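Please look over the fold and its side chains. The report below covers charge pairs, cores, a surface patch and backbone details.

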Amino acid sequence: MVIYNTLTKKKEEFQPINPPNVTMYSCGPTVYDYFHIGNARTFIMSDIIRRYLEYKGYKVTYVQNLTDIDDKIIKKSIEEKISTEQVAEKYIKAFFEDIKKMNVKVATKYPKATEHIQEMIEIIKKLEAKGVAYNKDGNVFYDVSKFPEYGKLSGKVIDELESGARVEVNDEKNNPLDFSLWKKAKEGEPSWDSPWGKGRPGWHIECSAMNLKHLGVTTDIHAGGNDLIFPHHENEIAQSEMANEKTFVNYWIHFGFLNIRKEKMSKSLGNFFTAREVFSKYPFGVIRLFFSQSHYRGPLDYDDELLSAAGKGLEKINNLVYELKKQIEKSDDNCYSPNINIDDYKKTFENAMDDDFNTPQAVATIFDFVRDINKELSSNNKISKTFVGDSINFLKNTAQHVLGIIDLEKEDKSEDIELVEDLINILTSIRKKAKAEKLYAFADDIRDRLNEIGVILQDGKNGTEFKIKRKS
RNA sequence: GGCGGCGUUGCCAAGUGGUUUAAGGCGAAGGUCUGCAAAACCUUUAUUCAUCGGUUCGAAUCCGAUCGCCGCCUCCA
């Protein structure tokens with residue numbers, strides 16, 4: 001399996017430090033607001049990578065942090081006249097609701113910044129002792145010039161950054177590129193005691209601390225959006241590698257942006273949709289399929305037309321799932337067994353995913369499979385039970401467990417459903433009589449009205465079948 | 001100004017030296033099935049990969065130039 005590593009700008013063979021264990025860190029949200037659908041893309045693609053590693057048999061420790069103290073949270077708490085804790089609590093709750101809707105697997109741990117203040121202080125102390133950090137009246141900064149490899153992730157050169165047009169001016173820093181490790185508390189702000197006085201941590205230090213505590217000195221995989229490469233991840237490397245004197249992360253994975261009309265979706269541009277709006281409009285399978293149909297590193301345009309195209313595609317997969325589930329009940333192993341080797345599809349799927357998580361190709365394999373199975377289904381009445389079972393398992397292992405676009409268990413029948421089915425059967429038998437007497441208008445009326453409430457009637461060779469259209 | 005990415009059919013999107021006269025999805029056209037539909041299946045839908053040059057026996061894939069689009073360098077997934 002190869003992974004494209006931002007650090008080396010190359011695809012590299014994936015070699016975990018301690019197989020079959022894999023440690024993976026995914027940059028989580030700052031909980032000051034609902035996250036948008038662009039954030040959702042990185043959370044979902046990160047989830048798919050994690051799921052595929054598990055599919056491959058790795059034991060993944062997957063950590064996603066929650067940034068629950070920072071400038072934006074403080075700003076929000078002032079605006080809403082509530083505490084920063086209350087702001088964080090509200091949006092952490094929303095975060096969990098949202099990722100559940102997105103069918104994102106729960107991480108091993110969701111550490112919070114405010115629960116790691118002591119660990120952060122320890123790292124800063126180390127950096128200070130090594131002369132890499134300096135204290136200016138209670139503000140502690142990292143001296144970028146002391147880390148010779150600064151810029152190795154982003155490909156930036158310190159000298160050129162300094163002459164650039166957009167470097168922040170801050171009189172307290174020795175060098176404009178130096179960044180905050182510890183921020184001195186301002187009047188009324190939440191703060192913690194530290195050797196440098198009351199204050200709160202800078203943004204980057206939390207990830208260094210949580211990685212160290214929950215995943216160890218060197219992490220196998222660290223993932224996040226493209227915009228975190230610089231300065232966030234660059235700074236994490238600088239802090240961690242200076243403090244620990246070991247490689248911080250072996251494989252850096254970065255996700256492309258979700259754009260709107262070719263422009264980056266962002267809070268500041270105001271061109272965003274929250275994940276919760278989008279996920280209440282489309283089922284998770286549609287959105288996850290949409291994301292899976294393009295590569296994680298590339299940009300992707302958000303567009304309702306494209307979402308509904310993905311919806312049609314998903315329906316195709318779900319139709320087959322429905323058909324297979326029906327078949328398995330009535331078939332046995334005396335039935336015809338198609339000359340199709342499901343392992344071939346499995347291999348193709350794995351080859352695609354092994355190549356830097358090429359989900360578009362993996363999805364293409366699933367569609368090939370769907371077409372080929374449908375072909376068998378349309379030319380043969382009954383397929384052997386083993387084959388149907390294997391087909392279901394293929395879809396379960398790929399589309400469900402790895403991509404998370406379908407859910408085979410979801411349709412488990414309840415008693416109410418049985419009653420509904422009996423009622424529909426009564427209606428279809430009445431309709432059958434009407435058709436026999438060529439009362440087509442009457443028959444169509446039954447079909448149309450059932451269709452309106454989501455019950456689809458389909459007349460086939462063996463009589464009328466029905467399916468209940470799933471809402472999500 | 002520095003750094004990086006991208007430009008493939010009507011739309012989305014894989015492919016990055018020969019197995020590709022370019023996968024898959026959506027759309028469109030025709031057909032099978034049907035009382036009519038729906039679903040499903042079959043056929044068709046890029047001799048061409050922004051443009052122009054070059055390297056090579058061979059390029060969408062490598063090199064150079066040009067045009068266009070986007071991102072990072074400030075919080076940002």
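## Charge pairs around Asp372

Asp372 and Arg371 form a salt bridge, with their closest N and O atoms 3.3 Å apart. (A salt bridge is a side-chain nitrogen of Lys or Arg within 4 Å of a carboxyl oxygen of Asp or Glu.) The model is predicted: local features need pLDDT of at least 70, side-chain atom pairs count only at pLDDT 80 or more, and totals for chains, interfaces and linings use all residues. Residues are numbered from 1 along each chain as its sequence is written, chains are lettered from A and ligands numbered from 1 in the order in which they are written, and side-chain values use heavy atoms, with hydrogens and water left out.

Asp372 also meets Lys375 in a salt bridge, at 4.0 Å from N to O. Asp372 and Lys375 are three residues apart in helix H12 (residues 359–379), so about one helical turn separates them. (Helices, H or I of at least four residues, and strands, E of at least two, are DSSP runs numbered from the N terminus.) Asp372 is buried at 16% relative accessible area. Arg371 is partly exposed at 45%, and Lys375 is exposed at 52%. (Buried means under 20% relative accessible area, exposed over 50%, and partly exposed in between, with a 1.4 Å probe and protein chains only.)

## A link across the chain

The whole structure holds 35 salt bridges. One of them joins Lys183 to Asp71, with the closest N and O atoms 3.5 Å apart. This pair links distant parts of the chain: Lys183 sits in strand E7 (residues 179–184) and Asp71 in helix H2 (residues 71–80), 112 residues apart. Lys183 is partly exposed at 24% relative accessibility. Asp71 is partly exposed too, at 41%.

## Nonpolar cores

Which residues have the most contacts inside the largest nonpolar core? They are Ile37, Leu53 and Met102, in a core of 87 residues. (A nonpolar core is a set of buried Ala, Val, Leu, Ile, Met, Phe, Trp, Tyr and Cys residues joined through side-chain atoms within 4.5 Å.) Helix H1 (residues 37–55) gives the largest share of this core, nine residues. Domain 1 (2–281) and domain 2 (313–400) both contribute residues, so the core lies between them. The domain bounds come from an automatic or database domain assignment.

Apart from this core lies another, of 41 residues, including Ala113, Phe147, Ile237 and Met242.

## A nonpolar surface patch

Leu419, Leu423, Ile426, Leu427, Ile430, Leu439 and Phe442 make a nonpolar surface patch of about 640 Å². (Patch residues have over 30% relative accessible area and no salt bridge; like charges are joined within 9 Å, and nonpolar side chains, Val, Leu, Ile, Met, Phe, Trp and Tyr, within 5 Å. Areas come from the Shrake-Rupley method with a 1.4 Å probe; for residues, only the protein chains shown count as cover.) Helix H14 (residues 415–436) supplies the largest share, five residues. Leu419 is in helix H14 and is exposed at 54% relative accessibility.

## Backbone exceptions

Most residues other than glycine have a negative phi, and most peptide bonds are trans. Phe357 has a positive phi of about 55 degrees. Phe357 lies in the loop between helix H11 (342–354) and H12, and is buried at 2% relative accessibility. Lys438 has a positive phi near 60 degrees. Lys438 is in the loop between H14 and helix H15 (440–452), and is exposed at 61%.

The bond from Pro19 to Pro20 is cis, with omega near 5 degrees. Pro20 is in the loop between strand E2 (10–13) and strand E3 (21–26). The bond from Phe230 to Pro231 is cis, with omega near 0 degrees. Pro231 is in helix H7 (residues 229–244).
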